[in-house]
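Please consult the sequence and model shown below.

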Amino acid sequence: MAAASCVCLPHLLLFLGLVSPGIGSYVVELDDRFAHLKEQGSWLVEFYAPWCGYCRKLEPVYEEVAKTLHGSSINVAKLDATVYSGISREYGVRGFPTIKFIKGKKVINYEGDRTAQDIIQFAQKASGPAVRELTSGEELRKVQRERPVFFLLVQKSGEIDTLKDHYDKAADMMLTKAYFYSIDDNQLPKSIKINAPAISVFKDGRHFEYEVPDDVAASNISDWVSQEQFPAFIQITRTNIHEIGGTGRSIVFVVFAESSKKSEHNH
C-alpha cells in the first residue's frame with residue numbers, strides 16, 4: 001500500500017486537469033490525452049457511443065463498479081469512441097459498449113456478463129498478480145470463505161520446484177478466468193492434507209488435486225483449470241455457456257422461472 005503522504009493517482013490526475021469525472025460520478029471521462037495516461041497505472045475503460053442504448057443501460061452498473069473500486073489501484077473510466085475514434089481504432093473497438101483493462105501495453109478484453117460483480121472481479125483479476133501468495137493458514141481460510149472456486153499451489157517450504165514455473169505460466173494464461181494462490185506446506189491448516197508440491201482446486205466444500213503428468217507444462221495445467229473453473233451448480237448465461245460446454249463435462253440443465261417464488265408470495 002502506498003505511504004500516507006502519497007497522492008492517489010486518480011486524485012492527482014483530477015487535480016492536474018488531465019481527466020474529468022462526470023458530475024456526481026466516480027467514473028472518469030477520458031479524452032485524447034489517454035494516449036499518455038495509459039502508461040500511468042491500471043485502467044478499466046468503457047468505450048461508448050452517446051446514441052448507444054446498451055451503453056445507457058450499462059451506466060448505473062458501471063457507476064457501481066467505479067464506486068466499489070474507488071480508492072483502489074484501478075482507475076475506472078470511459079471514453080466517447082465517436083469523438084476519439086483514433087483511440088478507439090487503436091484498441092480494436094468494433095461495438096458498444098466495449099470494456100477493456102489497460103495497463104501500459106497490457107490489454108485484456110472483458111467478455112463476461114454486464115453485472116457489477118462480474119466486471120469488478122474481472123478488473124481485480126486483471127490487475128494481478130496472477131498468483132497471490134498466502135503466508136498463513138488464516139489467509140487461506142479467508143480465501144475459502146470469499147471464493148467459491150480457486151486454485152492453490154502448495155510448495156515445500158524453502159524449496160523451489162519446477163511445478164511452480166508451470167503453474168505461474170498457466171495462471172498468466174488464465175488470468176481473468178480464475179483465482180490462483182500459492183502457500184508453503186508448513187502454513188497449511190492441519191485439517192487440509194496436501195502433500196507438496198501439488199496443485200489443488202477448492203470448490204463445493206472440498207478440494208481436488210491435479211494429477212501431475214510426466215510431461216507437465218503450463219498448457220496442460222491451463223486445460224485442467226478450464227475443466228475445473230466452475231462449481232458443481234452454476235447459473236448458465238449467454239457469456240459462460242460456451243466455456244461451460246468446453247469443459248468436456250456432462251451437463252444437467254434445471255430450468256425454472258426466477259419470478260415463481262415472488263408469485264407465490266403474492267397469493
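## Strand pairing around β9

Strand β7 (residues 131–133) pairs with β9 in the parallel sense over 3 bridges; strands are DSSP runs of E of at least two residues, numbered from the N terminus, and two strands pair if DSSP finds at least two bridges between them. Within this pairing, Arg132 has Tyr181 in β9 as its bridge partner. The model is predicted: local features need pLDDT of at least 70, side-chain atom pairs count only at pLDDT 80 or more, and totals for chains, interfaces and linings use all residues. Residues are numbered from 1 along each chain as its sequence is written, and side-chain values use heavy atoms, without hydrogens and water.

Strand β8 (residues 149–155) runs parallel to β9, joined by 5 bridges, and Phe151 stands opposite Phe180 in β9.

## Burial of β9

Strand β9 (residues 180–184) is largely enclosed by the rest of the structure, because 4 of its 5 residues are buried (under 20% relative accessible area, 1.4 Å probe, protein chains only).

## The cavity

The structure holds 1 cavity of 30 Å³ or more; a cavity is a set of points on a 1 Å grid over the protein atoms alone where a 1.4 Å probe fits but cannot get out, and its volume is the space filled by probe spheres set on the points, which are joined across faces, edges and corners. The largest cavity has about 30 Å³ of space. Its lining residues (an atom within 4 Å of a point) include Arg132 and Phe180.

Notes:
Buried < 20%, exposed > 50% of the residue type's maximum accessible area, 1.4 Å probe, protein only. 1 Å grid on protein atoms, 1.4 Å probe; cavity = no way out; pocket = protein on both sides within 12 Å on 5 of 7 lines; lining within 4 Å.
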